[in-house]
Amino acid sequence: MADPSLTSPSRTPLRSPNTSLTLSFPFLREGSRVWEERAEQGLPRDLPSPLPTKRTRTYSATVRAQSGPVFKGVCKNFSRSQGHGFIKPSHGVEDIFVHISDIEGEYVPVEGDEVTYKVSRVPPKNLKVQAVEVKIIHLNPGTKHETWSGQIMSS
C-alpha cells in the first residue's frame, strides 16, 4: 500500500496497483533468446545496398535526373547476372556506373553498344554519379545480343 501522505497534483491520494507491472520491450536486444531464435531462422542481417535503383530513388532525385541533359557513351561492360555495368562517356571522364533497373529497351547491353543516358547523384555524399534512363541507340555490329526474355539475336 502506498504512503497515504502522497497525493497527485489533483490532490487525490496515490494507490499502488493491485496487479504487478511488467515491462516489455518492443525491440530485439542482441543476445536475447528471441534474437537468437530469429538468427536461426536465417533472417538477413546485411544492410541494403546504398545505390539507389529506379525503385528506391527519391522523387526529387528522379525529377533532377529527368530534367538533366542527355549524354552519349559506349557500354564498357555489363553483367546481367550481377545486375550492373559501366559506361565509357564520349566526353572522356571516368566510367559511369549503371544499374540493371535503369536500362530501358528490349536488349541487354553488351560491350561496344552506343547508349544515351542521364545522370543521377549517388547518396549519401552525392560525390559520384550513376547513369539513369539508359537507352541503346546503336547495337555493336557483329555481336550477339540477348533480349531480357532470353532470346539471342545477332546484329
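This is a predicted model: local features need pLDDT of at least 70, side-chain atom pairs count only at pLDDT 80 or more; totals for chains, interfaces and linings use all residues.
**View 1. Salt bridge between arginine 80 and glutamate 146.** The two side chains meet with an N to O distance of 2.9 Å. Arginine 80 sits in the loop between strand S1 (71-79) and strand S2 (84-89), while glutamate 146 belongs to strand S7 (residues 144-146). The partners are 66 residues apart, and the pair links distant parts of the chain. Arginine 80 is partly exposed, at a relative accessible area of 32%, and glutamate 146 is partly exposed at 30%.

**View 2. Salt bridge between glutamate 104 and lysine 135.** The closest N and O atoms of this pair are 4.0 Å apart. Glutamate 104 is in strand S4 (residues 103-104) and lysine 135 in strand S6 (residues 128-138), so the bridge ties together parts 31 residues apart in sequence. Glutamate 104 has a relative accessible area of 27% and is partly exposed; lysine 135 is partly exposed, with a value of 39%.

**View 3. Salt bridge between glutamate 133 and lysine 118.** Here the N to O distance is 3.8 Å. Glutamate 133 lies in strand S6 and lysine 118 in strand S5 (residues 114-122), so parts that are 15 residues apart in sequence are tied together by the pair. Glutamate 133 is partly exposed, with a relative accessible area of 22%. Lysine 118 has a relative accessible area of 14% and counts as buried, because the cut-off for buried is under 20%.

The model has a count of 4 salt bridges, including the pairs arginine 80 with glutamate 146, glutamate 104 with lysine 135, and glutamate 133 with lysine 118.

Note on methods
Residues are numbered from 1 along each chain as its sequence is written. Side-chain values use heavy atoms; hydrogens and water are left out. Helices (H or I, at least four residues) and strands (E, at least two) are DSSP runs, numbered from the N terminus. Buried means under 20% relative accessible area, exposed over 50%, partly exposed in between (1.4 Å probe, protein chains only).
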